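User: Could you walk me through how to read helix packing and backbone geometry in a model like this?

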Amino acid sequence: KKPRDSSLRRRSEIQLPNLLLYYFLLGALHEVSHLVTFGILHYPNYRHLLFQDGVGTVLFRTLLLRQCHLPVIDDSDDGMILVRHVGWIFSVLVAVLVLCYNRYCPSNPKRLTSTLQLTAVLTALEAISTDLFGLLTPNNSTILYCGNFGIIVLHEAYWNRKKGRTTALNILEKMIQVTMMRGAQSGGVVSFSSAGKAIRSRVVNGKRGDLSKRLRSKVQRELPPSFPFLAGHTRFATSSKATLEGTHPQQWTPTRKRRVYNFYDTNNQQRKKNHKNHATNNINVENYVTHNGDFEFYVLHGVTYDIERIQTFLERTLHHPMPALVDSCAIAGLVDL
């Protein structure tokens, strides 16, 4: 009987090494429940986002940091609500099973230790505070992904070398894949050549097409020999049809010669305040806009003007007909002003 008593005594003691081991183990199982639920509900559509940081990084966060980063679309989505709450439900069930096992099987020689019981309860309480009540989290807000993306090219190697251009285009395609979650009906990219001429590539996606590959292919065909940046947008039409005219980037006024003042000399030193020292050049100027959100009215001096009146005003002021009905085109017109 003495060996058995000593064994029971050891099982009733709280052992710190085992406490830490169980803490990380049960925490990892909690995070895995989130990942598995998300995978069942959303993985076919967002598999490129679930492991976008690498499988090793995901395992490190899950096993050691007790956290998982999921591409949240909308907290009101039924699937995402289930993904959030399944974690604390799973941890509570584990704690209940552990406690019930020892309570209703007191004579079982394989009784679970007090350390495991305590860790299961702590993990359940932590899960309830974070997943159910939103406490103890650094940021409890939803991450909403926008459709804007861009690349700034910092070195001419990306222009002149085939490998560099391929790398830039691979990054562009990956960015389009990410922004496709908020809209994949159409998309466009704009860049400028070394001569200052804009090149805009736009695509309206087919029913079964891959927008990232189609847009990348068109950009690759139309891309100038040198490009300082790439800026683009993917779109899901809300109040209008998915047409080429409504696809971003948007422009109201075509390229026009404008007088531009240069406040710096050839050595990039600021000129004197005397306006006579300011060099002026007539160069091509054109503006493009990628925009998320709604532009339904504009308030000026306490008077509210709806989008239709703004569009009429822009046509008369800019002396150019409205290129598209979408509100983002009107924003481009205001930028031209």
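Predicted model: local features only at pLDDT ≥ 70, side-chain atom pairs only at ≥ 80, totals over all residues.

User: At what angle do the axes of helix 4 and helix 5 cross?

Analyst: In general, two packed helices are described by the angle between their axes and the distance between the axes. Here, the axes of helix 4 (residues 78-104) and helix 5 (residues 114-132) cross at roughly 160° and come within 8 Å. Axes are lines fitted to C-alpha atoms, for helices over the stretch in contact, and angles run from 0 to 180 degrees between N-to-C directions. Helices (H or I, at least four residues) and strands (E, at least two) are DSSP runs, numbered from the N terminus. Helix 4 and helix 5 are therefore roughly antiparallel (over 145 degrees).

User: Which residues make the contact of helix 4 with helix 5?

Analyst: Contact means heavy atoms within 4.5 Å. Helix 4 brings residues including Trp88, Val92 and Leu99, and helix 5 brings, among them, Leu116, Val121 and Ile128. The contact residues divide into 12 nonpolar, six polar and two charged. Ala, Val, Leu, Ile, Met, Phe, Trp, Tyr, Cys and Pro count as nonpolar, Asp, Glu, Lys and Arg as charged, and the others, Gly among them, as polar.

User: Which residues of helix 3 are buried?

Analyst: An α-helix has 3.6 residues a turn, so residues three or four places apart point the same way. In helix 3 (residues 55-65), Val58, Arg61 and Thr62 are buried (under 20% relative accessible area, with a 1.4 Å probe and protein chains only). They fall within an arc of 90° seen down the axis, so they line one face of helix 3. The arc is that of the directions from the helix axis to the C-beta atoms.

User: Where is phi positive, and is histidine 301 buried or exposed?

Analyst: Most residues other than glycine have a negative phi, and most peptide bonds are trans. Histidine 301, however, has a phi near 55° and sits in the loop between strand 7 (297-300) and strand 8 (303-306). Histidine 301 is exposed at 76% relative accessible area (exposed is over 50%). Phi of histidine 319 is also near 55°, and this residue is exposed at 65%. Arginine 66, which follows helix 3, has a positive phi near 55° too.

User: Which residues does the cis peptide bond join?

Analyst: Histidine 248 and proline 249, with omega about 0°. Proline 249 lies in the loop between strand 4 (229-235) and strand 5 (256-262).

Technical notes. Residues numbered from 1 in each chain as written. Heavy atoms only, no water. Parallel < 35°, antiparallel > 145°, perpendicular 65-115°, else oblique.
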